[in-house]
Amino acid sequence: VFACCPCLPSIVTIWQTPQSSSCATVTQRMAGRFLEKTFGRFYRASTGHRKLGLLYEDCLTETPVVVEAIRRLPVEVQIERTRRMKTALDCTMKGIILPQEQWTKPEEDVPYLRKTLNEVKLEKKEREVFRK
């Protein structure tokens, strides 16, 4: 069974062994972290979202799960996200990028939605199991 790297699905694949082996699971986690640290940084840097003042998680496709996770964020975080999205939309419509001093720095591009998103996904799975 092959599992694709979420960052580079067509390029990088790693071999998955059966889940019963704890060594295999540890190896998979280590491989995933290695791929995330090496290719993930490159991928995020190449998307161009930072030049528009966006964070990486601002660019997620708004599926029902993502929308629910955004709804659960504190109001201040939602306002900041909306401001970044409006700024990026304005720049895109004008065909410009922000001045370099306004770009999002890599150290500022931290996940703000991941924890809430994981909670929503877990709740959705629990509901599906409960309904069966």
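Trainee: Leaving aside its neighbours within four places in sequence, which residues is Arg 81 in contact with?

Mentor: This is a predicted model, in which local features need pLDDT of at least 70 and side-chain atom pairs count only at pLDDT 80 or more, while totals for chains, interfaces and linings use all residues. Residues are numbered from 1 along each chain as its sequence is written, and side-chain values use heavy atoms, with hydrogens and water left out. Contact means heavy atoms within 4.5 Å. By that criterion, the partners of Arg 81 are Asp 58, Glu 62, Ile 70 and Tyr 112.

Trainee: Is Arg 81 buried or exposed, and with what relative accessible area?

Mentor: Arg 81 sits in helix H3, residues 75–94; helices (H or I, at least four residues) and strands (E, at least two) are DSSP runs numbered from the N terminus. Buried means under 20% relative accessible area, exposed over 50%, and partly exposed in between, with a 1.4 Å probe and protein chains only. Arg 81 is therefore classed as buried, its relative accessible area being 7%.

Trainee: Which residues make up the largest nonpolar core?

Mentor: A nonpolar core is a set of buried Ala, Val, Leu, Ile, Met, Phe, Trp, Tyr and Cys residues joined through side-chain atoms within 4.5 Å. In soluble globular proteins, nonpolar side chains tend to be buried together. Here the largest such core has 10 residues: Leu 55, Val 65, Val 66, Ala 69, Ile 70, Leu 73, Tyr 112, Leu 113, Leu 117 and Val 120.

Trainee: Which element gives the most to this core?

Mentor: Two elements give two or more residues to the core, namely helix H2 (64–72) and helix H4 (114–131). The greatest contribution, 4 residues, comes from H2.

Trainee: How wide is the arc that the buried residues of H2 cover around the axis?

Mentor: The buried residues of H2 are Val 65, Val 66, Ala 69 and Ile 70.

Trainee: Which helices do the buried residues of H2 pack against?

Mentor: The face of H2 turned away from its buried side carries Pro 64 and Arg 71, which are exposed. The packing partners of the buried H2 residues are H3 and H4.

Trainee: At what distance does the side chain of Glu 57 reach the backbone nitrogen of Leu 113?

Mentor: Glu 57 lies in the loop between helix H1 (22–46) and H2, and is buried, with a relative accessible area of 8%. Not counting residues up to four places away in sequence, Glu 57 touches Pro 111, Tyr 112, Leu 113 and Arg 114. The side chain of Glu 57 comes to the backbone nitrogen of Leu 113 at 2.5 Å.

Trainee: What separates the C-alpha atoms of Leu 55 and Tyr 112?

Mentor: Leu 55 is likewise found in the loop between H1 and H2, and is buried, with a relative accessible area of 10%. Its contacts beyond four places in sequence include Arg 84, Val 110 and Tyr 112. Although Leu 55 and Tyr 112 are 57 residues apart along the chain, their C-alpha atoms are separated by 9.0 Å.

How values were computed: A polar contact is a pair of N or O atoms within 3.5 Å; within protein, one must be able to donate a hydrogen and the other to accept it, and residues adjacent in sequence count only if both atoms are side-chain atoms.
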